Amino acid sequence: AVLLVLVGAIAFSTMPRQEDPFFPFRGGTILTKFPAADTEQIRNLVVKHLERELAEIADIEFVRTTVRNGVAITTVVQDDKIYETDKKWDEVRRAIERAYPKFPEGVSKPVLDDKTLATSTGTYAIVGTDDLQVLADAAEKLRDGMMQLGDLIRIDIFGDPGEQITIA
């Protein structure tokens, strides 16, 4: 028992420690906006090309896309064995660059957020009306109110179609 306590004390005193340990960012999202397009158009004209390019990257655990009217959100998660995540995110950026010329006119350049952690502390859905601008304004108001609480690092809003003005 004394030997085990001694070995434990030596191991504890020589164990490397970090004040701010490194956690690799293995999860990320790609936001692609295609205003005025329905889900089927986005799936056929945008998501298909993007997912084909992403499928060619090794060590990607999964790629999953959620499509709404006017927007596609693609979630990319790297394998747990990857610790050099920056190199893998560079490969994802190159895949996005290869897919973008295949998109139809009117599709915004996809935006990669590679600092997304796999666990969110809260996800809120804003519902109530069919008017997307009213929902987007409510989401902005909620975000502004939550940021005043403090201790929040980041609040992302997904599905905001942006403002569109049509002259007829």
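Leaving aside its neighbours within four places in sequence, which residues is T74 in contact with? With contact taken as heavy atoms within 4.5 Å, the list runs G28, T29, I30, L50, L54, V63, R64 and T65. The model behind this is a predicted one, where local features need pLDDT of at least 70, side-chain atom pairs count only at pLDDT 80 or more, and totals for chains, interfaces and linings use all residues. Residues are numbered from 1 along each chain as its sequence is written, and side-chain values use heavy atoms, with hydrogens and water left out.

T74 sits in strand β3; helices (H or I, at least four residues) and strands (E, at least two) are DSSP runs numbered from the N terminus. With a relative accessible area of 1%, T74 is buried. Here buried means under 20% relative accessible area, exposed means over 50%, and partly exposed is in between, using a 1.4 Å probe and protein chains only. The T74 side chain also makes a polar contact with the side chain of T65, at 3.2 Å. Such a contact is a pair of N or O atoms within 3.5 Å; within protein, one must be able to donate a hydrogen and the other to accept it, and residues adjacent in sequence count only if both atoms are side-chain atoms.

Next comes helix α2, which spans residues 39-55 and bends by about 40° at V47. That bend is the angle between axes fitted to the seven residues ending there and the seven starting there. At the N-terminal end, D38 caps α2, with a side-chain oxygen 3.3 Å from the backbone nitrogen of E40. Buried residues of α2 are I42, V46, V47, H49, L50, E53 and L54, and they pack against β1 (27-33), β2 (60-68), β3 (71-78) and α3 (85-99).

The largest nonpolar core has 21 residues, of which I30, I42, L50, L54, V76 and V92 touch the most other members. A nonpolar core is a set of buried Ala, Val, Leu, Ile, Met, Phe, Trp, Tyr and Cys residues joined through side-chain atoms within 4.5 Å. At least two residues of this core come from each of α2, β2, β3 and α3. As for L54, not counting residues up to four places away in sequence, it touches I30, V63, T74, V76, V92 and A95.

What about the aromatic rings? The count comes to 1 aromatic pair, for rings of Phe, Tyr and Trp (its six-membered ring) with centres within 6.5 Å; planes under 30 degrees apart count as stacked, over 60 as edge-to-face and the rest as tilted. Y100 and F103 form this edge-to-face pair, 5.8 Å centre to centre with 85° between the planes. F103 is buried at 7% relative accessible area, while Y100 is partly exposed at 29% relative accessibility. K109 lies over the face of Y100, 5.0 Å from the ring centre, and R64 lies over the face of F62, 4.5 Å from the ring centre. A charge sits over a ring if NZ of Lys or CZ of Arg is within 6 Å of the ring centre and within 35 degrees of the ring normal.

A36, in the loop between β1 and α2, has a positive phi near 65° and is exposed at 68% relative accessibility. D59, in the loop between α2 and β2, has a positive phi near 65° and is partly exposed at 27%.
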